[in-house]
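Please keep the sequence and the model in view while reading.

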Number of protein chains: 6
Amino acid sequence: CFLSALDEVKPAFGVHEEDLHDCIKGGILKYSPKIDHIMERVRRALEQTQSSEKFNFSSLLLYGPAGSGKTALAAYLGLESKFPFIRIITADEMIGMSESAKVQFIDNTFRDAYKSPLNVLIVDDIEALIDFVPIGPRFSPVILRALMSRLKKSPPDGHRLIVLATSSNYELLKSLDILNCFNDEILINNLTSLQELYGVMELAPFGRDSSERKEIISKLKAAYGSEKINVSIKKVLFNIDTAKFGKNPADEFVQLMVEGHH
Amino acid sequence: CFLSALDEVKPAFGVHEEDLHDCIKGGILKYSPKIDHIMERVRRALEQTQSSEKFNFSSLLLYGPAGSGKTALAAYLGLESKFPFIRIITADEMIGMSESAKVQFIDNTFRDAYKSPLNVLIVDDIEALIDFVPIGPRFSPVILRALMSRLKKSPPDGHRLIVLATSSNYELLKSLDILNCFNDEILINNLTSLQELYGVMELAPFGRDSSERKEIISKLKAAYGSEKINVSIKKVLFNIDTAKFGKNPADEFVQLMVEGHH
Amino acid sequence: CFLSALDEVKPAFGVHEEDLHDCIKGGILKYSPKIDHIMERVRRALEQTQSSEKFNFSSLLLYGPAGSGKTALAAYLGLESKFPFIRIITADEMIGMSESAKVQFIDNTFRDAYKSPLNVLIVDDIEALIDFVPIGPRFSPVILRALMSRLKKSPPDGHRLIVLATSSNYELLKSLDILNCFNDEILINNLTSLQELYGVMELAPFGRDSSERKEIISKLKAAYGSEKINVSIKKVLFNIDTAKFGKNPADEFVQLMVEGHH
Amino acid sequence: CFLSALDEVKPAFGVHEEDLHDCIKGGILKYSPKIDHIMERVRRALEQTQSSEKFNFSSLLLYGPAGSGKTALAAYLGLESKFPFIRIITADEMIGMSESAKVQFIDNTFRDAYKSPLNVLIVDDIEALIDFVPIGPRFSPVILRALMSRLKKSPPDGHRLIVLATSSNYELLKSLDILNCFNDEILINNLTSLQELYGVMELAPFGRDSSERKEIISKLKAAYGSEKINVSIKKVLFNIDTAKFGKNPADEFVQLMVEGHH
Amino acid sequence: CFLSALDEVKPAFGVHEEDLHDCIKGGILKYSPKIDHIMERVRRALEQTQSSEKFNFSSLLLYGPAGSGKTALAAYLGLESKFPFIRIITADEMIGMSESAKVQFIDNTFRDAYKSPLNVLIVDDIEALIDFVPIGPRFSPVILRALMSRLKKSPPDGHRLIVLATSSNYELLKSLDILNCFNDEILINNLTSLQELYGVMELAPFGRDSSERKEIISKLKAAYGSEKINVSIKKVLFNIDTAKFGKNPADEFVQLMVEGHH
Amino acid sequence: CFLSALDEVKPAFGVHEEDLHDCIKGGILKYSPKIDHIMERVRRALEQTQSSEKFNFSSLLLYGPAGSGKTALAAYLGLESKFPFIRIITADEMIGMSESAKVQFIDNTFRDAYKSPLNVLIVDDIEALIDFVPIGPRFSPVILRALMSRLKKSPPDGHRLIVLATSSNYELLKSLDILNCFNDEILINNLTSLQELYGVMELAPFGRDSSERKEIISKLKAAYGSEKINVSIKKVLFNIDTAKFGKNPADEFVQLMVEGHH
Ligand SMILES: Nc1ncnc2c1ncn2[C@@H]1O[C@H](COP(=O)(O)OP(=O)(O)OP(=O)(O)O)[C@@H](O)[C@H]1O
Ligand SMILES: Nc1ncnc2c1ncn2[C@@H]1O[C@H](COP(=O)(O)OP(=O)(O)OP(=O)(O)O)[C@@H](O)[C@H]1O
Ligand SMILES: Nc1ncnc2c1ncn2[C@@H]1O[C@H](COP(=O)(O)OP(=O)(O)OP(=O)(O)O)[C@@H](O)[C@H]1O
Ligand SMILES: Nc1ncnc2c1ncn2[C@@H]1O[C@H](COP(=O)(O)OP(=O)(O)OP(=O)(O)O)[C@@H](O)[C@H]1O
Ligand SMILES: Nc1ncnc2c1ncn2[C@@H]1O[C@H](COP(=O)(O)OP(=O)(O)OP(=O)(O)O)[C@@H](O)[C@H]1O
Ligand SMILES: Nc1ncnc2c1ncn2[C@@H]1O[C@H](COP(=O)(O)OP(=O)(O)OP(=O)(O)O)[C@@H](O)[C@H]1O
Ligand SMILES: [Mg+2]
Ligand SMILES: [Mg+2]
Ligand SMILES: [Mg+2]
Ligand SMILES: [Mg+2]
Ligand SMILES: [Mg+2]
Ligand SMILES: [Mg+2]
């Protein structure tokens, strides 16, 4: 076969644990029941991939705003699956490669993900992988098309694969007509209420005690004029860290949250 | 002759059965008489190709929405023809090739398809083959033009060829002015009514018995507020499979069908 | 001279009869007096090219809708001329070549067409030669300019050349400002009336006898609601062939003509 | 100096008479006093180039519609000058060259045109040289810029050069902001009246005698409904030639002139 | 690992003091309390990078109009930090490199910035680094994406890095969707009042004494008709220098400030 | 250092007198006091560059319509400065180079301009250097960015450099956002009144005596209907030269000035 030479690359079984743990350095805080619902849905797909009689392939899209935890959740659930092959494709591995080398790299990783009986492949940040830039817009149609082909292609018999792809630009994927490459789409949202923020502070933990946390919440409510917020978990965790370097961490935190609020 | 070196590639007779069977893993369920009508029309063209005194070449377009079964039907009818040469050109075989290598690959496959007395060539997913992306839009004019040349060119005397091309973007083909490359155009549509969905459940089969199936249908009718649906056979079969992993498969199926309904 | 190396290619005198006969497999049916008028006009130009004291070069444009018979007529009249050198340039000979190789190929063929005292060169389907695609639009400006240069350039003294170019996009040629490269423009139109269709059936022949043909015509008139039609001779001949595989060819033909009618 | 290697090309003195005579195969018919006016103006520039104490360089633009005689007049007046170096740059010499080879070729020809004490360089059909195509529009900015640099650059001391450039798209040159590269602009127009056409017929000559010519003119006046015409000298001469192959050349000529009239 | 060869470049520890001092040749004049506020904010981030238990990476954006002092402040605070590795990436180091060499160069500098325990990397003038030009607009999507990947990527454990990026086009960064690559955004503004200008004159120093300075200010107030100004510190310092070459430096300065005022 | 190989090019001290004198073949006629004002302003900058304690670098923009004398003035004032290194970068030196070779060439010339203690570098016709063409518009962003980097970069300590850049498209430079690369902008305008034209005639000299010159002026005033004109010094000097070849030079000159007047 034409491309058989490519198959002769050295087998790549195993799990790149380090790469994956890097993605969940901030842990997975269950600051709201929505986190459990997300996990359920991904786990059901993992189970189907493992046991279905009809389908040996499934691809999921995790989408949501920047910093909402898409990559962390994909990595966490991938590791939890205990599948023998778990790998992540990220743009930063491909910096400096030519467009065709990137296509080759992505394609090879997919082919590696056909080698074990049970495989998880995380396709992280589709926009970054296709070199998308909103002005123009510009992106690599060739990488995109290669991804689309792979996202619709089952592995050979005897092999099972689940792809977890992440993206922070749902509208783009729609315009690119690639949503039909996925069997399911799961929204990973930002923190949307002060109650969820309270949950994060409890679990981080941040604030001397629950009364300080409540005070923080009531100050923020006053500042925002509402219970509703829209901040990423990543930003919250960074602000908590910054605040610790202030004289009065609680006040510092409130100030940082208010400054960054648009 | 200028390109004669290309003809010296090793003969490629025979049928790539495996590739073709991969396309019909979900079988061909005759969930509606429309499936038979489609098949009739393709078979007539196969017969004409085989026996016409005037024309040793014919090209058909199978078009319709994503997942409607275009590729599966083309593969099924190709295999059924028992022509000695049956081959499929798909984008995923060409991942990583340069544009000119892709043109070469497509052209060589067409030339291979002139070698046996009776040949079927499936040109699968034209948009993917020309690296089409709707934003821009972008695509390879060179691959497109090569395809167009081949789609209008009869094989040499003593050889007969039918091309079955698939596409999910009819309007695009129109704008690209390539519809006149085809001798016939056949629509492969989605499931359009709950009755057709009932047909699929019976044949899959799904549901303990016909009364459970009827219940499912009536629940969906309530949810949709109509008999009319617009779901691909591919999606239905995947939902049936997912549902089986739920506690109550029938309910799970209803829920999946309702969630995915826009 | 700078490009002299190019002239050393082996002499290419003679007529590529096979290529040219391939273009008129469907014959030239004189289904209407307009066919004679077209032929007259081309023949006058051939005579002028052969005998003019002032001009040893002439270029004609044959334009009209897809399948109207442009290529067939050019090939037929070229062969009929009995000029010692008759050659056709088509896009499918150049599939897989780089843009610059295409320019070279076209240019070399023109140079070959200067070698005999009397030469016919058919430049078939200008849009295909310049890799034109209406979306964008995209095309090769370099190939276009090379063609334009050659379409305005007389052969050296002692040599005479007539170019017969075909195109199905007159408006494009106008926008590209290349119409002034031609000494004459001849429209090759579709069948425009049921009477012309009757002529084709008689000559094909199709229909058991003239009464069956008349019946067909009257059925079509009823279906179309008019005497006027707009179908290509190529499509009509294919439908006639398809119809022969139906149980009742006459009815089958009517149905095919009605279906394909927009 | 950086580019000195380029200067070592073999000297290229002399006049390429053949190339230049090819451009005036149809002669220079003085069918109207305007032809003399044009010639005067070019001759004045030739004289200035030859004798000026201040300027050893001058560049003229000859512009006007397709076929109006720009190239013929430039070639004629160039030859008439008897300057020791007279050369023409045309697009057809550069077919098949890469963009950078074209730049090199043009630049080298200019450098050659610095080698004799008195030089004429005809830069024929600027649009063709820069590969201009109106759709887009597309053209080579690199060739254009190279031309512009050369069109503003005096030869070294002791050398004198006049450039005669032709173009049929004055508005384009304006948009490209290159008109200020020229010291003078001269319009070469089409035939604009039946009287001028009469002049051409007399000089060609065409028509048995002056009474036949007058008859032709009066028929055309009737057909056009006006004395005004707008036809190129090139077209008129071709029609005269074609007409000679008709049974009645005068009538044939009238018909050709009327058909081609928009 | 795929890119491991890149890591074998010679270690690049240390501080490029000279490059950094070049950026602060005009000193850092504290002409307004806003300068201190800016410095505070950058210093807090430096402290967090050095001591945080959770985050070993932080990236700051310094943005503001041309000449406002972004590069100077970044260089000054970088040097002040005494981190063992302090480096600046500027466009002028990369002049003449191909796009891919630029990506490689940037990436290598980031990798170098992972080698010491504490690292400062100044990414100077993002627009220049990505070859941004507002007409089009044009820029290198590939360099941009490489930067974005690096601006979101923590160094390996045991290494800490703070990135100080500068830009004078905040709206562009917003449109490019790269603001979420930064943990904090700090505005470095122009001089906005005559009072700040007075501060600069005192510190430069410029003007014989405070009464001359006051006179200058009052003349400018009269000329501008307002206390508000919008001039860069860079322009002010250059004007002061130019003025010294005039006969009456104070008047010359006023004139220069008024001329350059739009 | 990465680019050190480039520094090893042979030292290039000295003044390219010939190139510079070529630019002022028409002399510098002080036809109006504005010429002195321009010279003053450039001389002040030259002095500052030579003696400033703070700044060892300055860049000036000379802008104005085509032929107004920008290049001539830059060359004249450069030569007058007697700086040991004076060089001009022009587009015609770079004809035939690739884009990257052009960048290299420009960059090397700048580096050469750092080698002497006192350097003048004329960057002539920015539009030509960046291959700007108004249709599109098209230009080389890479050359532009390289220029911008160099136009903002001081030479190493111990070296002083003044850049004199010319452009005839101020609005373009504004749109390209490169005006802030310059420390001063000086308008070099066309002749704007008949009085200035009189000045030129006196200095050229042209006209037998002052009464003939006055007659010319009064004829022109009548023809233009105004004292105001807008002609370049270059055009005026060329017309004077052409007129000398007429029978009555004075009348010929009036006619040429009126013809070229829009
Ligand atoms: N419940 C949670 N879900 C996801 N991430 C969490 C959760 N709790 C804490 N985190 C931490 O929050 C951070 C989320 O960042 P992450 O990079 O995964 O977001 P992202 O959505 O992938 O961002 P981007 O759009 O920039 O790729 C991680 O450090 C993660 O460990
Ligand atoms: N009657 C049927 N017609 C077609 N496919 C059927 C039918 N019944 C079941 N199937 C199954 O449904 C699936 C249809 O998917 P297929 O890939 O052929 O769709 P498609 O239209 O080619 O999709 P795409 O637009 O993504 O290329 C196949 O797995 C096929 O086996
Ligand atoms: N009178 C006729 N004129 C032209 N072709 C005819 C005529 N009668 C029969 N034919 C047949 O009709 C067919 C016309 O097809 P042809 O490829 O020449 O059309 P075309 O206009 O070149 O199409 P395209 O636009 O696709 O290039 C040929 O097979 C030809 O033999
Ligand atoms: N008075 C004349 N002026 C110019 N050409 C004339 C004249 N009389 C006869 N001719 C002939 O007319 C023809 C003019 O064609 P020519 O190619 O020079 O036109 P052109 O303007 O250069 O056309 P194009 O725009 O296509 O380049 C030549 O064959 C020339 O010999
Ligand atoms: N308080 C200050 N802040 C910043 N720069 C100052 C200050 N006081 C004096 N300067 C001097 O002002 C100049 C500021 O120029 P600098 O190049 O840093 O500006 P910039 O904002 O980076 O400009 P650009 O947008 O062109 O990159 C430097 O020479 C610096 O030494
Ligand atoms: N006072 C003057 N200032 C400038 N040039 C003068 C003056 N007097 C005479 N000249 C002559 O006028 C000509 C001006 O042409 P120059 O090429 O310098 O113009 P330019 O503005 O650079 O044109 P372009 O926009 O085409 O580059 C030169 O030949 C110069 O010697
Ligand atoms: Mg992520
Ligand atoms: Mg398909
Ligand atoms: Mg044809
Ligand atoms: Mg011409
Ligand atoms: Mg800066
Ligand atoms: Mg100039």
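Among contacts in chain A between residues at least 6 apart in sequence, 80% join residues at least 24 apart, a contact being a pair with heavy atoms within 4.5 Å. The model is predicted, so that local features need pLDDT of at least 70 and side-chain atom pairs count only at pLDDT 80 or more, whereas totals for chains, interfaces and linings use all residues. Residues are numbered from 1 along each chain as its sequence is written, chains are lettered from A and ligands numbered from 1 in the order in which they are written, and side-chain values use heavy atoms, with hydrogens and water left out.

Chain A contains 12 helices and 7 strands; these are DSSP runs numbered from the N terminus, with helices (H or I) of at least four residues and strands (E) of at least two. Along the principal axes, the C-alpha atoms of chain A fill a box of roughly 65 × 45 × 30 Å. Chain A has 262 residues, of which 55% count as buried. Buried means under 20% relative accessible area, exposed means over 50%, and partly exposed lies in between, with a 1.4 Å probe and protein chains only. The accessible surface of chain A comes to about 11,100 Å², and carbon and sulfur atoms account for 51% of this surface. Accessible areas come from the Shrake-Rupley method with a 1.4 Å probe, and for residues only the protein chains shown count as cover.

B:Asn119 belongs to strand β3 of chain B, which covers residues 118–123. With a relative accessible area of 0%, B:Asn119 is buried. Leaving aside residues up to four places away in sequence, B:Asn119 touches B:Phe83, B:Phe85, B:Asp112, B:Ala113, B:Tyr114, B:Arg160, B:Leu161 and B:Ile162.

How are the chains arranged? Two copies of a chain are related by a rotation about an axis and a shift along it. Chain A is superposed on chain B by a rotation of 60 degrees with 0.0 Å of shift along its axis, at an RMSD of 0.0 Å. Copies are superposed by least squares on the C-alpha atoms of residues with pLDDT of at least 70 in both. Within chain A, the residue closest to the rotation axis is A:Gly136, whose C-alpha is at 8.8 Å. The copies use different surfaces, as 3% of the contact residues of chain A recur in chain B.

Chain F can likewise be laid on chain E by a turn of 60 degrees and a shift of 0.0 Å along the axis, with an RMSD of 0.0 Å. That is the relation of a six-fold axis. The C-alpha of chain F nearest the axis belongs to F:Gly136 and is 9.0 Å from it. Only 3% of the interface residues of chain F are also interface residues in chain E, so the copies meet through different surfaces. Some pairs of chains do not meet. Chains A and D do not touch, and their nearest C-alpha atoms are 18 Å apart. Nor does any contact join chain D and chain E, whose closest C-alpha atoms lie 15 Å apart.

The ligand sites come next. Residues from chains D and F surround ligand 6, so the site is shared between chains. Around ligand 6 there are 20 residues, of which D:Lys152, F:Gly27, F:Leu29, F:Lys70 and F:Thr71 come nearest; a residue is near a molecule if one of its heavy atoms lies within 4 Å of it. By class, this shell around ligand 6 has 11 nonpolar, 6 polar and 3 charged residues. Here Ala, Val, Leu, Ile, Met, Phe, Trp, Tyr, Cys and Pro count as nonpolar, Asp, Glu, Lys and Arg as charged, and the others, Gly among them, as polar. In chain F, α4 (70–81) and α11 (233–243) each supply at least two residues of the shell around ligand 6, and α4(F) gives the most, with 4 residues.

Oxygen atoms of ligand 6 lie 2.7 Å from a backbone N or O atom of F:Gly27, 2.7 Å from an N or O atom in the side chain of F:Thr71 and 2.8 Å from a backbone N or O atom of F:Ala72. Taken alone, ligand 6 exposes 630 Å², and the protein buries 91% of that.

Conventions
A polar contact is a pair of N or O atoms within 3.5 Å; within protein, one must be able to donate a hydrogen and the other to accept it, and residues adjacent in sequence count only if both atoms are side-chain atoms.
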